[in-house]
Amino acid sequence: MSAPLYQLKAEFFKTLGHPVRIRVLELLSLREHAVSEMLAEVGVEPAHLSQQLAVLRRANLVVARREGSAVRYTLTDPQVAQLLVVARAILSGVLAGQAELLADLRASGTAVAPPE
């Protein structure tokens, strides 16, 4: 018996749950990148980037190809890039709502003592 769809979705989002993996997917949303190019952009040790790329490969979100001595990565599906755009829009809305709430709190002028 196969896993329920909600369980598969949870696993998918767990795969996305790492800042380095998100940054890699953002870079690959723009264009194909060599590992050396990503290292400069992501700012982590080569071994760490390699581990994160392996996770993305196992999840079938990226594919690698060898070009001479370089390994180049690309997204397996352009919808991954669209997902990142949607996530950005959602976060922008959430942060705008929080900024509005903060402005309202500041405007109210009511000081509340911090918890002890």
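How many bridges join β2 to β3, and in which direction do the two strands run? Six bridges join them, and the strands run antiparallel.

This is a predicted model, in which local features need pLDDT of at least 70 and side-chain atom pairs count only at pLDDT 80 or more, while totals for chains, interfaces and linings use all residues. Residues are numbered from 1 along each chain as its sequence is written, and side-chain values use heavy atoms, with hydrogens and water left out.

**The sheet**

Helices (H or I, at least four residues) and strands (E, at least two) are DSSP runs, numbered from the N terminus. Two strands pair if DSSP finds at least two bridges between them. Three strands form an open sheet here, ordered β1-β3-β2, with antiparallel pairing. β1 and β2 stand at the edges with a single partner strand each, so one side of each has no neighbour in the sheet.

β3 covers residues 70-75 and is joined to β1 by two bridges. Across that pairing, A34 stands opposite R72 in β3. On the other pairing, E67 has A70 in β3 as its bridge partner. The hairpin of β2 and β3 has two residues between the strands, and G68 takes a positive phi near 65 degrees there.

**Helices on the sheet**

Contact means heavy atoms within 4.5 Å. Axes are lines fitted to C-alpha atoms, for helices over the stretch in contact; angles run from 0 to 180 degrees between N-to-C directions. Helix α2 packs on the sheet and touches β1, β2 and β3. The direction of α2 makes about 85 degrees with that of β3. Helix α4 (residues 46-58) lies across β2 and β3, at about 120 degrees to β2.

Q52 lies in helix α4. Is Q52 buried or exposed? Q52 counts as buried, at 6% relative accessibility. The classes are: buried under 20% relative accessible area, exposed over 50%, partly exposed in between (1.4 Å probe, protein chains only). Leaving aside neighbours within four places in sequence, Q52 is in contact with H18, V20 and R21.

**Salt bridges**

Side chains of opposite charge can pair when their charged atoms come close. A salt bridge is a side-chain nitrogen of Lys or Arg within 4 Å of a carboxyl oxygen of Asp or Glu. The count by this rule is eight.

| Pair | Closest N and O atoms |
|---|---|
| E11 and K14 | 3.2 Å |
| R23 and E41 | 3.3 Å |
| E32 and R65 | 2.8 Å |

E11 and K14 both lie in helix α1 (residues 5-15), three residues apart, or about one turn of the helix. E11 is partly exposed at 41% relative accessible area, whereas K14 is exposed at 56%.

R23 forms a salt bridge with E41. R23 lies in helix α2 (residues 19-30) and E41 in helix α3 (residues 35-42), so the pair ties together parts that are 18 residues apart in sequence. R23 is partly exposed at 29%, and E41 is partly exposed at 45%.

E32 forms a salt bridge with R65. This pair links distant parts of the chain, 33 residues apart: E32 sits in the loop between α2 and β1 (33-34), and R65 in strand β2 (residues 62-67). E32 is partly exposed, with 23% relative accessible area; R65 is partly exposed as well, with 37%.
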